[in-house]
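Hi everyone, thanks for coming. Today I'd like to walk you through some strands and how they pair up.

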Amino acid sequence: MADHGDHYSPFQFIFALLLLTTPTSSFDSRATYIPCRLKPTARNIMTALAAVRGSGTSSWPSMQRPPADEENDGSSSGPRRKGSTPAIMNYVSPETTDISTRRDLGGSDSTLVGAIWNPTLVKVANARLLMGWEEEGEEDNRRRMTLDANGFELWTNSEREEDKFRSIDFTDQDRVVDDYYKTCERLVSDAIMSQKSSTKASSPPIACICAFDHNVRSSDKASVGKISSKHVAADNNANEDGKKSNNNNSNNKSATTATPQVQNPAGLVHADYTKTSAPRRLRDLSNPPKLNDVLRPKLIAENRRSLLDPTMVEEALEGKRRYSFINVWRSIDAENPVKNPPLACIDAATASVDDLRMFKIHYVDRVGENYFVCPPSTSSSSPPSSSFSSERGHSWYYYPDMTMKEALLLKQWDSVGGVACGARSDGAKNDYDVQHGSGWLSTFTIHSAFIDPSICQEESLPRKSIEVRCVVIWEKDI
C-alpha cells in the first residue's frame with residue numbers, strides 16, 4: 001500500500017471526532033463484547049484519523065494498540081490473566097454501502113473504494129480458559145468452541161506431525177501443495193467426525209475434502225522471503241517458448257499462471273464468503289482453473305479438467321448435498337509462538353446479517369465477494385433477533401501464544417448454517433438442525449488480526465502464518 005502521509009482534510013478531523021465521541025456503553029461483566037468509543041485524546045484522534053484517512057477512495061486500515069488506560073501495565077501478566085484483553089477492531093461504519101478493490105495475480109490488493117472505517121474498542125476473551133488449559137474460569141464458561149456451534153475450533157497435532165511441519169519450507173508453493181495440503185484435509189476430516197460423534201448428529205458421511213488454495217502471511221514480509229514454485233515457473237516458461245500451444249484452451253494453458261505473494265495479516269473485521277460468492281466459488285472449482293488458482297499447474301500437469309466433479313457440485317448447489325469451506329490457520333514459525341498480531345474470531349451465534357456489508361474483489365478473470373462488518377449496536381435500526389439480548393454484542397475470542405503444533409479451524413461457509421438458510425443469525429436452530437438432531441449450525445466465523453496490548457512491543461517477533469482453504473462436500477442427504 002502506498003504511504004499517503006499524515007495530511008488530513010477538515011472533514012476527516014470532524015468525522016474522527018464524531019467517531020470518538022458518539023455515546024455508547026462500556027464493557028459488560030462477561031468475557032464478550034459491548035462496543036466502546038475511544039476517548040477524544042490527542043493520541044486517539046490521530047488513531048481515528050489514521051483509520052479514516054482517505055475514506056471514499058479508502059486506505060486499508062492499520063492495526064492500532066488500545067489507549068494506554070485500557071492496556072493495564074502492558075505486560076504479559078496483565079489483561080490476559082483476567083481472561084480477556086482489550087483490542088481495537090477495524091469495523092466499518094453503518095453508512096458504508098458498496099466496497100470494492102482490484103486484486104492482482106499475486107494476490108495483492110489495490111486501492112480500496114467505499115469503506116468508511118469505524119475503529120472500535122472491544123474485549124477479546126482468552127478461549128484457552130474455556131478449555132481449562134491455563135487456569136479455571138467461571139463454571140458456566142467451561143466449554144469448548146466448535147466449528148458447528150461457534151464457527152471455529154482449535155486442534156493440536158502430534159509431535160510427529162509437528163516435526164514434519166518443521167521440515168516444510170512454507171514459501172515453497174509446490175511443497176505446500178504436495179505435502180501440507182494432505183495434512184489439512186485429514187485435519188478437517190477429523191474435526192468433522194469429532195463434531196458428529198460429540199453431538200450424535202445423524203448427518204451423512206463426507207464425500208470429498210479438497211484443499212485448494214492458501215495464503216502465507218507475515219507482519220514482516222522480509223523475514224519470510226518470496227514464494228517460489230518450480231511448477232509455475234516451468235509452466236510459464238513453456239508458454240513463453242510456445243512449447244504448449246493448444247488451440248483448445250479449456251485449461252487456459254496458454255495463459256500465465258500467478259505465483260502468490262506473502263500477504264500482511266488482515267487487520268480488519270471480515271468474513272471470507274457471502275451467500276453469492278460461496279456457491280460461485282464452489283462452481284468455479286468444478287470448472288477449468290483460473291489464473292489465480294494455486295492448483296492450476298498441478299491440474300494441468302495431471303491433465304485434469306477441474307478439481308471437483310461437476311455432477312457432485314451441481315447436486316450440492318441444488319441442495320441435495322451439504323457443502324462447506326473451512327480454513328486451516330497455523331503458525332509457521334518453528335521456534336516462537338504467535339505474539340502479535342494474533343487472530344481473533346467472533347462466536348458465530350452472536351453475529352447477525354444486519355452487521356454485514358458487501359465487499360467486492362475484482363480479479364483479472366472473476367469477481368469475488370467478502371463481508372466487511374459493522375459494530376452490532378449501530379449496524380441496524382431493526383430490533384435484535386430473539387437469540388440476542390436487548391443490547392447484543394459480538395463475542396470475540398482468541399488463542400494466545402499459538403505454536404506450530406496447533407491449528408485453528410475457521411468455518412468460512414456452511415450451506416446448511418442458519419444464515420445460509422435465510423435466518424437473520426446463526427444463533428437459532430433451522431430445519432436442518434432439527435432434522436439431524438444437532439444444535440444450531442454456524443454459517444461462518446467473522447475474524448480479524450489485532451494488536452494484543454498484553455504483549456510488550458519489544459518481545460513481539462513478526463507473526464508468520466499460513467491459512468489453507470478446504471472445500472468439503474457430503475454424501476447425498478436422503
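Let me start with a question: how many bridges join E10 to strand E15? There are 3 bridges, and the two strands run antiparallel. Please keep in mind that what you see is a predicted model. E15 covers residues 447-449, and its serine 448 stands opposite alanine 344.

Now look at E10 itself, residues 343-346. Leu343 and Cys345 point one way, while Ala344 and Ile346 point the other way. Buried or exposed, what would you say for these four? They are all buried.

E10 also pairs with strand E13, residues 396-398, again through 3 bridges and in an antiparallel arrangement. If you want a residue pair to find there, take isoleucine 346, whose bridge partner in E13 is tryptophan 396.

Let's move to another sheet. This one is open and has 5 strands, in the order E6-E14-E9-E16-E7, with antiparallel pairing. From one strand to the next, the twist averages 25°.

Within this sheet, E9 (residues 323-331) and E14 (residues 406-414) are joined by 6 bridges and run antiparallel. Asparagine 327 is found opposite leucine 410 of E14.

Finally, a helix: H9, residues 277-284, packs on the sheet. H9 touches E7, E9, E14 and strand E16 (464-474), and its direction makes about 90° with that of E9.

How values were computed. Residues are numbered from 1 along each chain as its sequence is written. This is a predicted model: local features need pLDDT of at least 70, side-chain atom pairs count only at pLDDT 80 or more; totals for chains, interfaces and linings use all residues. Side-chain values use heavy atoms; hydrogens and water are left out. Two strands pair if DSSP finds at least two bridges between them. Axes are lines fitted to C-alpha atoms, for helices over the stretch in contact, and angles run from 0 to 180 degrees between N-to-C directions. Contact means heavy atoms within 4.5 Å. Buried means under 20% relative accessible area, exposed over 50%, partly exposed in between (1.4 Å probe, protein chains only).
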